[in-house]
Amino acid sequence: MLETDLTRTLKIRYPIFQAPMAGGVSTPELVAAVSNAGGLGNLGGGYLTPEQLRSEIQKIKQRTDRPFGVNLFVPEQAEESEEAIYRMTDYLNKYRIELGTAQNPSLMKFSESFEEQVQVLLEERVPVFSFTFGIPSQDVIQTIKQHGIFIIGTATTVDEAKQLEAAGADAIVAQGSEAGGHRGTFTKDPSHALIGTMTIVPQIVDHVSIPVIAAGGIMDGRGLAASLILGASAVQMGTAFLACPESGAHETYKQKILSTNEDSTEITRAYSGKASRGIQTQFMIDMHQYPGTIPAYPIQNAMTRDIRQAAAKANNPEYMSLWAGQGLRLASGQTAASIVKQTIDQASVLVRKRSSI
């Protein structure tokens with residue numbers, strides 16, 4: 001009943017995508033569990049070295065023979081003055097002192113090689129490739145297409161969606177402003193692209209001819225049914241899976257997801273230099289008072305990594321990045337398979353009711 005053109009194309013049972021959450025949350029166990037339950041599990045591979053990426057993909061293949069996807073970040077050339085970097089390093093040292101870690105850490109590199117990551121996906125014959133923060137070069141897109149890999153781009157506006165379709169994307173994730181984690185905006189200031197999921201999905205559907213995947217604030221079967229009625233071919237759910245046993249989220253992070261309310265998230269650049277939605281922390285509050293320029297992504301992301309890691313070891317959520325969407329009051333600690341099943345069961349009932357009206 002909930003079959004769509006997209007589920008048939010991807011050879012999956014249900015129109016549910018688990019969002020590719022980078023930073024260790026989307027473990028091979030989580031990706032495989034969602035795929036085995038009939039959805040599409042997705043690995044957030046943006047921060048992984050090529051070697052780590054290959055290892056994670058192979059672990060997924062050991063756990064499922066169903067389709068799955070891998071998400072990468074389109075590289076950005078961030079330029080920042082040495083003075084801005086020096087001032088931020090100095091400012092961040094107070095957190096390092098509090099957490100007992102080394103001050104003034106040296107940064108060897110800001111991000112992984114996108115080209116090398118893509119090469120791993122080609123060699124491992126990953127079924128689905130999704131990307132965020134822009135559009136890869138035509139060379140990359142054509143090479144991926146030649147390998148028969150399904151390509152999904154991320155858009156936060158109609159214009160971005162149209163550009164993605166023109167570039168060769170096979171489907172588009174329409175990311176509403178409710179979504180947790182990094183904003184996928186790439187054509188303008190993200191603060192001018194905060195359109196809600198219910199609003200952006202039908203507008204993108206009307207302006208592209210490829211399938212649209214609704215993302216942002218979708219936590220259960222009600223969100224799935226509503227998205228399908230709006231014209232989406234599937235939904236992408238992230239926060240819904242954050243607290244499940246297969247998730248790689250830190251236990252303190254999971255507890256915050258299960259105990260925090262819908263009005264507790266905000267969009268910040270504090271952790272990574274890129275607009276992202278997460279549960280408000282003391283670090284976010286402090287950084288809003290920072291008098292200088294927050295270095296752009298991925299520079300700021302690399303500069304705060306040691307602080308976030310030390311905070312995780314200390315079980316201190318106030319300095320961790322707790323990415324979450326606005327639907328987090330609906331989150332549960334159930335298994336990934338249970339979340340998929342309940343979402344499908346609930347949506348099926350709602351769709352049946354609607355068709356019998």
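Mentor: Start with Pro-298, which sits in the loop between helix 12 and helix 13. Keep in mind that this is a predicted model.

Trainee: What kind of peptide bond joins Tyr-297 and Pro-298?

Mentor: A cis one, with omega at about 0°.

Trainee: Tyr-297 also has a ring partner, Phe-73. Why is that pair called edge-to-face?

Mentor: There are 12 aromatic pairs in the structure. For Phe-73 and Tyr-297, the ring centres are 6.5 Å apart and the planes meet at 85°. Pairing needs centres within 6.5 Å, and edge-to-face needs planes over 60 degrees apart. The planes at 85° therefore make the pair edge-to-face.

Trainee: What makes this pair tie together parts 224 residues apart in sequence?

Mentor: Where the two residues lie. Phe-73 belongs to strand 3 (residues 68-73), while Tyr-297 is in the loop between helix 12 (282-288) and helix 13 (299-313), so the pair links parts 224 residues apart in sequence.

Trainee: Are Phe-73 and Tyr-297 buried or exposed?

Mentor: Both are buried.

Trainee: How do you know that Tyr-95 and Tyr-319 form an edge-to-face pair?

Mentor: Their ring centres are 5.2 Å apart and their planes are at 65°. The limits are 6.5 Å for the centres and over 60 degrees for the planes. Both values meet them, so the pair is edge-to-face.

Trainee: Where do Tyr-95 and Tyr-319 lie?

Mentor: Tyr-95 is in helix 4 (residues 82-99), and Tyr-319 is in the loop between helix 13 and helix 14 (336-355). The pair therefore joins parts that are 224 residues apart in sequence.

Trainee: Why is Tyr-95 called buried?

Mentor: Its relative accessible area is 2%. Buried means under 20%. So Tyr-95 is buried. Tyr-319 passes too, because its relative accessibility is 6%.

Trainee: Which residues form one aromatic cluster?

Mentor: Tyr-91, Tyr-95, Tyr-271, Phe-283, Tyr-290, Tyr-319 and Trp-323.

Trainee: On to strand 4 (residues 128-132), where Ser-130 is found. What makes Ser-130 buried?

Mentor: A relative accessible area of 9%. The cut-off is under 20%, so Ser-130 counts as buried.

Trainee: What makes the pairing of the Ser-130 and Asn-71 side chains a polar contact?

Mentor: The distance is 2.9 Å. N or O atoms within 3.5 Å are required, with one able to donate a hydrogen and the other to accept it. The pair is therefore a polar contact.

Trainee: Which residues is Ser-130 in contact with, leaving aside neighbours within four places in sequence?

Mentor: Pro-20, Val-70, Asn-71, Leu-72 and Ile-152.

Trainee: What stands out about phi of Phe-133?

Mentor: Phi is near 80°, a positive value in a residue other than glycine. Phe-133 is placed in the loop between strand 4 and helix 6 (138-146). At 5% relative accessible area it is under 20%, so Phe-133 is buried.

Trainee: Asn-315 also has a positive phi, near 55°. Why is Asn-315 called partly exposed?

Mentor: Its relative accessibility is 48%. Buried is under 20%, exposed is over 50%, and partly exposed is in between. So 48% makes Asn-315 partly exposed. Its place is in the loop between helix 13 and helix 14.

Trainee: Why does Thr-49 count as buried?

Mentor: Its relative accessibility is 19%. The limit is under 20%, so Thr-49 counts as buried. Thr-49 is in the loop between strand 2 (41-44) and helix 3 (50-63). C-alpha to C-alpha, Thr-49 and Glu-112 are 6.0 Å apart in space, yet 63 residues apart in sequence.

Trainee: How do you know that His-147 is partly exposed?

Mentor: The relative accessible area is 37%, between the 20% and 50% limits, so His-147 is partly exposed. His-147 lies in the loop between helix 6 and strand 5 (150-155).

Trainee: Last, the second largest pocket. Which helix gives the most to its lining?

Mentor: Helix 9, with four residues. The volume of this second largest pocket is about 210 Å³. Its lining has 16 residues, and Met-198, Gly-216, Gly-217, Ile-218 and Gly-223 lie nearest the centre. By class, the lining has six nonpolar, seven polar and three charged residues.

Conventions. Residues numbered from 1 in each chain as written. Predicted model: local features only at pLDDT ≥ 70, side-chain atom pairs only at ≥ 80, totals over all residues. Heavy atoms only, no water. Helix = DSSP H or I, 4+ residues; strand = E, 2+ residues; numbered from the N terminus. Buried < 20%, exposed > 50% of the residue type's maximum accessible area, 1.4 Å probe, protein only. Contact = heavy atoms within 4.5 Å. 1 Å grid on protein atoms, 1.4 Å probe; cavity = no way out; pocket = protein on both sides within 12 Å on 5 of 7 lines; lining within 4 Å. Points joined across faces, edges and corners; volume = space filled by probe spheres on them. Nonpolar A, V, L, I, M, F, W, Y, C, P; charged D, E, K, R; others polar. Phe/Tyr/Trp six-rings, centres within 6.5 Å; stacked < 30°, edge-to-face > 60°.
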